[in-house]
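Work through the exercises below with the sequence and the coordinates open. Each task is followed by a solution in steps.

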Amino acid sequence: MKAFNLLEATQANEHTDGESWQDAANLWQWHGQGILQVEPRHRDIKRSIVLSCGVHGNETAPIELLNSLVAELSLEQQSLTARVLFIVGNPPAIELQKRFIDENLNRLFVRKEPPFANAEQRRAKTLEMHVDRFFAASDKSMPRVHYDLHTAIRGSEYPFFAVYPFVQNMDFSSAAVARIQASGIDTVLLSSEPSTTFSHYSAKYHGAEAFTVELGQVSAFGHNNLEPMVPIRRVIKSMLHDNFFPEPELNDAALNLFQVSRVIHRNYDDFSLAFDDQLKNFTRFKKDQPLAYEANQTIYADFDNEVVVFPNAAVAIGQRAMLTLKAADASVLRS
Ligand SMILES: O=C(O)CCC(=O)N[C@@H](CCC(=O)O)C(=O)O
Ligand SMILES: [Zn+2]
């Protein structure tokens with residue numbers, strides 16, 4: 001039997017919207033290009049899980065991870081205990097191996113109404129509608145999870161890390177962070193303000209346990225080391241198959257926890273960074289060291305050990321050009 005190839009089915013538009021089929025254990029539904037739902041036919045559903053990849057088209061490791069998970073599900077034909085929505089975020093950008101075509105898709109989850117200026121704005125709307133439909137069909141008391149899988153542009157001091165979105169009146173949960181930690185991700189960034197990312201969308205509108213998960217550095221298809229992704233694969237599989245949601249203990253001592261201190265935007269054309277492309281994410285700066293320049297001004301580090309992550313001078317004007325972080329203590333997490 002041939003394994004189901006999620007990426008090929010997405011790129012070749014192999015299925016029609018709304019097409020469904022069954023295997024011995026599960027119902028498969030193709031909701032649209034790169035939007036595949038799988039759920040058990042005969043067992044009670046315990047949780048709803050969204051797993052997305054390729055929101056940035058050149059971030060191939062997560063696409064390879066989800067592709068292999070879906071292929072395995074199709075061959076195993078073992079009953080799930082979860083409903084799962086697999087999403088391949090930006091197929092045209094994947095085709096071209098580019099982060100995006102016209103606009104960064106991961107800044108567009110804002111429930112914008114038409115008219116749409118480009119394909120990414122339309123895709124954001126489509127993905128929002130499918131996530132809304134998917135979560136609306138599940139009881140609110142059931143756990144809801146969304147892992148939006150990415151890779152970082154730069155090398156990182158901590159190559160596997162997760163961004164925990166900020167939602168007003170929603171605690172950062174230690175159980176959620178423990179699941180991330182069990183996934184082989186030792187570093188978590190607690191956001192300090194709402195954003196317009198996909199993971200923030202699922203957290204804000206659906207109360208999902210949602211993270212942007214960074215799985216190493218951007219690399220081309222076939223050049224990713226899948227070995228460090230074994231733990232996240234295991235956690236995802238246990239979320240999909242096991243009767244019990246994985247409830248690992250948080251290991252504070254092994255966790256690098258950060259709080260976002262500043263979101264630095266590019267406001268002018270001449271924005272530039274004070275360091276080169278080799279500087280790794282999570283580099284620490286001393287107070288008054290320059291971080292960036294724009295409009296004849298220098299942006300300095302505010303305090304000793306201010307940590308820099310996602311620095312990128314090439315973002316559109318008005319967008320985030322870097323985050324700075326300060327160390328945080330696990331006591332900020334609630335059970
Ligand atoms: O390495 C970079 O500069 C970007 C990697 C990436 O795509 N990261 C996500 C993070 C989203 C979040 O803050 O939750 C992004 O920038 O969209
Ligand atoms: Zn990304």
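**Exercise 1. The annotated domain**

Task: Which feature does UniProt place at residues 47-229, and what is the helix and strand content of that span?

Solution. The unreviewed UniProt entry gives residues 47-229 as "domain: Succinylglutamate desuccinylase/Aspartoacylase catalytic". UniProt positions follow the numbering used here, feature names are shortened, and annotations may be inferred rather than shown by experiment. Residues 47-229 are 32% helix and 22% strand, and their end C-alpha atoms lie 22 Å apart. Helices (H or I, at least four residues) and strands (E, at least two) are DSSP runs numbered from the N terminus.

The model is predicted: local features need pLDDT of at least 70, side-chain atom pairs count only at pLDDT 80 or more, and totals for chains, interfaces and linings use all residues. Residues are numbered from 1 along each chain as its sequence is written, while chains are lettered from A and ligands numbered from 1 in the order in which they are written.

**Exercise 2. The annotated active site**

Task: Locate Glu-214 and decide whether it is buried or exposed.

Solution. UniProt, in an unreviewed entry, lists Glu-214 for "active site". The residue Glu-214 lies in strand E9. A residue is buried if 20 or more other C-beta atoms, placed from the backbone, lie within 10 Å of its own, exposed if 12 or fewer, and partly exposed in between. Glu-214 has 26 such atoms within 10 Å and is therefore buried. Beyond its neighbours within four places in sequence, Glu-214 is in contact with His-150, Thr-151, Ala-152, Phe-160, Phe-161 and Ala-162 (contact: C-beta atoms, placed from the backbone, within 7 Å).

**Exercise 3. The shell of ligand 1**

Task: How many residues surround ligand 1, and how do they divide by type?

Solution. The shell holds 13 residues, the closest being Asn-106, Ala-152, Ile-153, Val-163 and Thr-212. A residue counts as near if its C-beta atom, placed from the backbone, lies within 6 Å of the molecule. By type, the shell has four nonpolar, eight polar and one charged residue.

**Exercise 4. Helix H5**

Task: Which residues of helix H5 are buried, and what covers them?

Solution. In helix H5 (residues 174-182) the buried residues are Ala-176, Val-177, Ala-178, Arg-179, Ile-180 and Gln-181. Their cover includes strands E7 (160-164), E8 (187-190) and E9 (209-217), and helix H7 (230-241). Just after H5, Gly-184 has a positive phi of about 85°.

**Exercise 5. Strand pairing**

Task: In which sense does E10 pair with E8, and in which with E16?

Solution. Two strands pair if DSSP finds at least two bridges between them. E8 and E10 (residues 256-265) pair in the parallel sense over four bridges, with Val-188 opposite Leu-257. E10 and E16 (residues 320-327) pair in the antiparallel sense over seven bridges, and Met-322 is the bridge partner of Ile-264.

A further open sheet has the order E11-E13-E14, with antiparallel pairing. Its edge strands, E11 (272-273) and E14 (297-300), each pair on one side only. E13 (residues 290-294) and E14 share four bridges; Glu-294 is partnered by Gln-297 in E14.

**Exercise 6. The whole chain**

Task: What radius of gyration does the protein chain have?

Solution. The globule rule is 2.2 Å times the number of residues to the power 0.38, with the radius taken over C-alpha atoms. For 335 residues a compact globule would have a radius near 20 Å, and the protein chain has 20 Å, which agrees. Buried residues make up 40% of the chain.

Note on methods: Two residues are in contact if their C-beta atoms, placed from the backbone, lie within 7 Å. Ala, Val, Leu, Ile, Met, Phe, Trp, Tyr, Cys and Pro count as nonpolar, Asp, Glu, Lys and Arg as charged, and the others, Gly among them, as polar.
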